[in-house]
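Here is a short report on one protein model. Look at the structure first, then read on.

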Amino acid sequence: MSNPFGFMEVERQNAPAASALERIKNYNEFHTPLSDQEQKKQGERCMHCGVPFCQSGMKLSGMISGCPLNNLIPEWNYLISLGAWKQAYKRLSLTNPFPEFTSRVCPALCEKACTCGANGEAVTVRANEYSIIENAYLEGYARPNLPKVRTGKRVAIIGSGPSGLAATQMLNRRGHSVTVFERSDRPGGLLMYGIPNMKLEKQIIERKLNIMSEEGVTFVTNTDVGKDISVKELKENFDSIILACGASNPRDIKVNGREAEGVYFAVDFLKSTTKALLDNGLKEGTFVSAKGKSVIVIGGGDTGNDCVGTCVRHGAKSVLQLEMMPKLPDQRTDDNPWPEWPKISKTDYGQEEAAAVFGADPRVYQTTVKEFLKDEKGKLRGAVLVKLERDGNGRMTPVEGSEYEVKTELVLIAAGFLGSENYVTQAFGVETDARSNVAATGHRTNVPNVYTAGDMHIGQSLVVRAIREGIDCAREVDEDLMGYTNL
């Protein structure tokens, strides 16, 4: 410990964010990082616990506590406090292949399990990670790392989201020749098109993809496996295949009027905005626009919040966000102690922005849509909402007589995902479980030399868990190809 009293003497300091009314003028990241000197002081706050829960990645009460990647957090906090940025980068790189992503979009499970946070403010772990990786790019540490020897083995990875990219980096650096197939026009999967630019600027993804290309990875875009290229061809040309296509089957809302023009899945809405932003700077008519419309977002999770923030930037007339469940408490309850993940209410960037623009938090709790209303041309004109309450079995059920009508021209369904798309699983002949996730022993499917990783395997989850999935899957692939693994 560079300062044994750091956690008592130094207060937590977050990277300042642009004001809500200022940042909605563009789609850029809106936090200003602390200086290296100020970040060093934040590193001093680490207590270097005998049992560092921050890096445990274990399940408590069915929830992940601490980092699923088992990042060596106290070690690089200490190195930051000394100003040893290169050494900190080396320690971080041992466990995390993509800190440039996780330091921007991870909900920081590490901080929720930080011992400092048990009775005060947690260490700024995510911001420390951000400083390490950005310093590494600035100083040239994060340069291409080409394998010294090629094994002659070829691996096809289907899907270029976080799990696919993690497996790719591990296997390529081991010396295998890796080809990544992506059905979209740009690699990155969820990172590219599922997360808005203001949370993860796409140049950050491209920066890393360029390095991976220099290291020998081949990216094949606009190729939908099972449609544009056959499974037979893949099996003939590759020794192993990893299915990392994500849980890309969105959960629908089955109510009257669902077919009305103006009802979209959140993932399609977000993708249209990002693609237009990258292709033509958001030219009118090239994306699904919320400009001048009364919008309803169905779903209270991260994706729903991203839709709220995007609609505000479009210039929506109003935004209403529906949450089926009751509002969570503002503080931990007795049955949710540290270091469990805190089941508490949070106000994210999109909700902050909507409140700044419209004067109130956009969220309405214990409410869902009963019916979509359309005009004579089939266009969405409104929705009938209904209040919900818990029944004797703990399920949320409609309250009789609580229906009311609201005007809306755009509805975005952000109700989660049901699992993998069946045309891929059927093409490969892999077995699925009751949730339509690909069934596997470890990461090995029932089909020889075919593996699975990420949301396609475990269901919709976090980017950091998808990365861990890719790492673990790569280890199994390498072991089967070489007879042993050093990954």
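Predicted model: local features only at pLDDT ≥ 70, side-chain atom pairs only at ≥ 80, totals over all residues.

Residues are numbered from 1 along each chain as its sequence is written, and side-chain values use heavy atoms, with hydrogens and water left out.

**Overall fold**

The protein has 18 helices and 16 strands. These are DSSP runs numbered from the N terminus: helices are H or I with at least four residues, strands E with at least two. The radius of gyration is 23 Å, close to the 23 Å that the globule rule gives for 487 residues, so the protein is as compact as a globular protein of that length. That radius is taken over C-alpha atoms, and the rule is 2.2 Å times the number of residues to the power 0.38. The C-alpha trace spans about 65 × 65 × 50 Å along its principal axes. Of the 487 residues, 51% count as buried. Buried means under 20% relative accessible area, exposed over 50%, and partly exposed in between (1.4 Å probe, protein chains only).

**The core**

In soluble globular proteins, nonpolar side chains tend to be buried together. A nonpolar core here is a set of buried Ala, Val, Leu, Ile, Met, Phe, Trp, Tyr and Cys residues joined through side-chain atoms within 4.5 Å. The largest one has 63 residues; among those touching the most other members are Trp76, Leu191 and Val477. Helix α18 (residues 463–482) gives the most to this core, with 8 residues. Leaving aside residues up to four places away in sequence, Leu191 touches Phe101, Pro162, Leu165, Leu200, Lys202, Ile205 and Val463. Contact means heavy atoms within 4.5 Å.

On a 1 Å grid over the protein atoms alone, a cavity is a set of points where a 1.4 Å probe fits but cannot get out; a pocket is an open set with protein on both sides within 12 Å along at least five of seven lines; lining residues have an atom within 4 Å of a point. Points are joined across faces, edges and corners, and a volume is the space filled by probe spheres set on them. There are 3 cavities of 30 Å³ or more.

| Space | Volume | Residues nearest the centre |
|---|---|---|
| Largest cavity | about 120 Å³ | Cys67, Asn71, Cys106, Cys110, Glu129 |
| Second largest cavity | about 100 Å³ | Cys46, Cys49, Cys54, Cys114, Thr115 |
| Second largest pocket | about 890 Å³ | Ser93, Leu94, Asn145, Gln169, Arg173 |

Helix α8 gives the largest share of the lining of the largest cavity, 3 residues. For the second largest cavity, the largest share, 3 residues, comes from α4. No charged residue lines that second cavity; its lining has 13 nonpolar and 3 polar residues. The second largest pocket has 16 nonpolar, 7 polar and 10 charged lining residues.

**Backbone details**

Most residues other than glycine have a negative phi, and most peptide bonds are trans. The bond from Trp338 to Pro339 is cis, with omega near 5°. Pro339 sits in the loop between β9 (318–323) and α15 (349–358). Gln366 has a positive phi, near 50°. At 26% relative accessibility, Gln366 counts as partly exposed. Ser436 also has a positive phi, of about 70°, and lies in the loop between α16 (422–428) and β16 (450–452).

Technical notes. Nonpolar A, V, L, I, M, F, W, Y, C, P; charged D, E, K, R; others polar.
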